[in-house]
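Welcome! Have a look at the model below, and then we can walk through one part of it together.

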Amino acid sequence: MGYIQEFSIYLGKMTGMDSEYIKLTIITILIFLVFGIIKSIIKKIYSNLPVNDKKKFFRNRKIRIILTVISFILVFLLWGEKLSGLITFISLISAGLTIAIREIIFNFFAGMYININRPFEIEDRIEIDDVMGDVISKHALGFEILEIGKRVYGEQSTGRIIHIPNSYIFTKTLKNYTKVFKYIWDEIKVDVSLDADIRKTEEILYEIVFDNETLKEIPRKMEDAVDEAILEYRIYYNNLDPIIYMKIERSHIEMYIRYLVNPKKARDVQNEINMRIMEEYQKGNLQLYIND
């Protein structure tokens, strides 16, 4: 501590600043540095534990939050009565710095709102400010999502991690695909010839979708989820089973297979159903409309 005191006095003489503030600043930096090293050590230890990745992530996150809170408490106690003077000093520096600090404070309190009201959780699939992805991390000032492509690209991961300020929760529209239910409605359009046997085609399509292993238990699980949600949300569905709708066009018939699916498995299910449809077409059981 003596070396820090001497160095602070030296810097105070060089800069004309109060040596006491310089000393407190140095100690603050050391506190954050030490806790940063502790976090790194714990992260290294957890990475080698024989548990699954999900448990590793959440355990490490809890420890990181606890250590961060402790470090801030120590810094607050360290500055003590000097804190009010520091705030007065900062407020006199410049309007530009005040604006920057305002954004930090705004993001910090928005983070508190996110943790208290939980508009989304880690692993939720969300869309905000026209960016869509799975939430992979939440911090004091922002959160990160693993971006996925739009529907036309099958909502597959792009591999890009996007950092979003917490304040967006108040200024942008948030869409949560998995907050209340883990499933969304998805559709596959099948074009059929006008002279096709519609009843037979419908039976084959129903057989394909009901045979899908991923979709079999979803209506029952969704019904349970709706029962749990009705106390907090005005949500109801008349039908949760897969259903096929038909639309007549001038040159063909459009048949829409509508079903519930986990959004993270939607593309795999689409691929499996389309494979089955092509198999039935190649066997001559389906008369698909091919527009040349």
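## After the helix

Which residue with a positive phi follows H9? That residue is glycine 284, and its phi is near 85°. Please keep in mind throughout that you are looking at a predicted model.

## Helix H9

Let's step back into the helix itself. H9 covers residues 266-282, which makes 17 residues. From its first C-alpha to its last it reaches 24 Å, close to the 24 Å expected at 1.5 Å a residue.

Several residues of H9 are buried, namely Ala266, Val269, Ile273, Ile277 and Glu280. Looking down the axis of H9, you would find its buried residues within an arc of 70°, so they line one face of the helix. And what covers them? The cover includes strand S6 (184-192), helix H7 (198-210) and S8.

Three strands form an open sheet, and their order is S6-S8-S7 with antiparallel pairing. S6 and strand S7 (243-248) stand at the edges with a single partner strand each, so one side of each has no neighbour in the sheet. On average, neighbouring strands of this sheet are turned by 25° against each other, direction ignored.

Between S7 and S8 there are six bridges, and the two strands run antiparallel. Tyrosine 245, for example, has tyrosine 256 in S8 as its bridge partner. Helix H7 lies across S6, S7 and S8, and it runs at about 20° to S8.

## A closer look at glutamate 254

Now zoom in on strand S8 (residues 253-261), where you can find glutamate 254. Is glutamate 254 buried or exposed? With a relative accessibility of 10%, it counts as buried, because the cut-off for buried is under 20%.

Leaving aside residues up to four places away in sequence, glutamate 254 touches Lys189, Val190, Asp191, Tyr245, Met246, Lys247 and Glu249.

One, of 3.4 Å, joins it to the side chain of histidine 252. Another, of 2.5 Å, is made with the side chain of tyrosine 256, the residue that is the bridge partner of tyrosine 245.

Key. Residues are numbered from 1 along each chain as its sequence is written. This is a predicted model: local features need pLDDT of at least 70, side-chain atom pairs count only at pLDDT 80 or more; totals for chains, interfaces and linings use all residues. Side-chain values use heavy atoms; hydrogens and water are left out. Helices (H or I, at least four residues) and strands (E, at least two) are DSSP runs, numbered from the N terminus. Buried means under 20% relative accessible area, exposed over 50%, partly exposed in between (1.4 Å probe, protein chains only). Contact means heavy atoms within 4.5 Å. A polar contact is a pair of N or O atoms within 3.5 Å; within protein, one must be able to donate a hydrogen and the other to accept it, and residues adjacent in sequence count only if both atoms are side-chain atoms. The expected span of a helix is 1.5 Å times one less than its number of residues. The arc is that of the directions from the helix axis to the C-beta atoms. Two strands pair if DSSP finds at least two bridges between them. Axes are lines fitted to C-alpha atoms, for helices over the stretch in contact, and angles run from 0 to 180 degrees between N-to-C directions.
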